[in-house]
Amino acid sequence: MDMGLVYVAGALMIGLGALGAAIGVGLLGGRFLEAAARQPELVPMLRTNFFLVAGLVDAVPMIAVGLAMYVLFAVAG
Amino acid sequence: MASESSITTSSYIKHHLQNLTFGEKQVETSPGIWTPTGDWGFATTSEEAAKMGFWAINVDTMLLSIILGVLMMWFFRSVAKTISTGVPSPVQNFAEMMIEFVNDTVRGSFSGGKNDLVAPLALTIFVWVFLMNLMDLIPVDILPLAVAQGAALFGADPHHVFFKVVPSTDPNATMGMALVVFGLMLYYSFKIKGAGGFLGELAFEPFGKMALPINLVLETVTLLAKPFSLGLRLFGNMYAGEMVFILIATMYGASLFMGSLAGVLQIGWAIFHILIITLQAFIFMVLTVVYIDMAHQHH
């Protein structure tokens, strides 16, 4: 197999995962700030849920990074 | 391991990602063809471990997760036995903090009426998953090296002793827990809604009676995706985190500059990882509670 393609695959995995997570966390953080400005008394509850959803959003690109690292260093390296 | 001269980055990573597998020993009789020998023992290569099949067991995962589970139960039991209504001891404060935190979370996300199982289950999952994830923060070479040296005392070749420290980087452990949660979801669905109610939910939603096959396919996929994503999310996060730690560890041998850079990176990643391990344990707990709650809801 052409080893160059493995690096392209790793780059795609990390890049596309980061793209999706960036959009997701951006939307999430923006809405969180809006909600916190609107109703500051809800901040503790909102923060818990913020972290919960951030963890959910974060999971997919993290998995992609892990797999990409495996592909780049263990398969190709 | 580190003392081996012919070691490469790739073999180091693969060595660290291989479980200590016990099963029926296999011999490569000709290239690509493995035959069982009939003896039982530990696999000495990853290929052999992969060929051991269904009855192989990952000893390191089982051992560490059971040790951590017993540790957790011992901790809560010892607190419960010495509990006082006066000035609480620091240990009691710590245990009460965790119990109150879990209690608040369960009260916030569970609305299915009285259920004595959910809160203890949530506490168990949270603490146990957290402890298993916490093994990630131990420097990657310490425990594998100790186990390999220990095995060398019993006559094993230390280069062929594998040890994967973090139980939650083994999909067997995380998917096993997700399966238990799935079992509970099915149990409560049948118990609360009855077989008819549960199957009716699968068959007649979301599009009504006319589109029964489509409903059945959609709802079955939704149902199966829950435990699958639950287990895979925890596994993927911990696997990725462990992978980064291993890669940082490979930098130590490169040069003085790379080594000191690796030190900074390892501390940074470990601090960031404290957030991830807690968050993933919390998410696993909350999603378990939410899924069981959904099994209680009538539609």
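In β3(B), which residue is the bridge partner of B:Thr21?

A: The bridge partner of B:Thr21 in β3(B) is B:Asn58. Before we go on, some housekeeping: this is a predicted model, where local features need pLDDT of at least 70 and side-chain atom pairs count only at pLDDT 80 or more, while totals for chains, interfaces and linings use all residues. Residues are numbered from 1 along each chain as its sequence is written, and chains are lettered from A and ligands numbered from 1 in the order in which they are written.

Back to the sheet. It's an open one of 3 strands in chain B, with the order β2-β1-β3 and antiparallel pairing. Strands here are DSSP runs of E with at least two residues, helices are runs of H or I with at least four, and both are numbered from the N terminus. Two strands pair if DSSP finds at least two bridges between them. β1(B) and β3(B) have 2 bridges, in the antiparallel sense. On the other pairing, 7 bridges join β1 (residues 21–30) of chain B to β2(B), again antiparallel. There, B:Gly23 stands opposite B:Gly41, and B:Glu24 has B:Trp40 as its bridge partner. β1(B) and β2(B) make a hairpin with 2 residues between them, and B:Gly32 in the turn has a positive phi of about 90°. The edge strands are β2 (33–42) and β3 (57–58) of chain B, each pairing on one side only.

Next comes helix α3 of chain B, residues 59–81. Its 23 residues should span 33 Å at 1.5 Å a residue, and the end C-alpha atoms are 32 Å apart, which agrees; the expected span is 1.5 Å times one less than the number of residues. In α3(B), B:Asp60, B:Thr61, B:Leu64 and B:Ser65 are buried. A residue counts as buried if 20 or more other C-beta atoms, placed from the backbone, lie within 10 Å of its own, as exposed if 12 or fewer do, and as partly exposed in between. The buried residues of α3(B) pack against β3, α5 (118–134) and α7 (171–204) of chain B.

Further along chain B, α9(B) has 41 residues and reaches 59 Å from its first C-alpha to its last, close to the 60 Å expected. α9(B) also bends by about 25° at B:His273, the bend being the angle between axes fitted to the seven residues ending there and the seven starting there.

Now for the meeting with chain A. 16 residues of chain B are in contact with 14 residues of chain A; contact asks for C-beta atoms, placed from the backbone, within 7 Å. On the chain B side, α1 (9–16), α8 (212–251) and α9 (256–296) each supply at least two residues. The largest share, 8 residues, comes from α8(B).

Chain A itself has 2 helices and 0 strands. Its C-alpha trace spans about 60 × 15 × 10 Å along its principal axes. Of its 77 residues, 19% count as buried. To finish, take A:Ala76, which is in the segment after α2 (43–75) of chain A. A:Ala76 counts as partly exposed because it has 16 C-beta neighbours inside 10 Å. Its C-alpha atom is separated by 6.6 Å from that of A:Met3, 73 residues apart along the chain. Leaving out residues up to four places away in sequence, A:Ala76 touches A:Met3, A:Val6, A:Tyr7 and A:Val71.

Key:
Contact = placed C-beta atoms within 7 Å.
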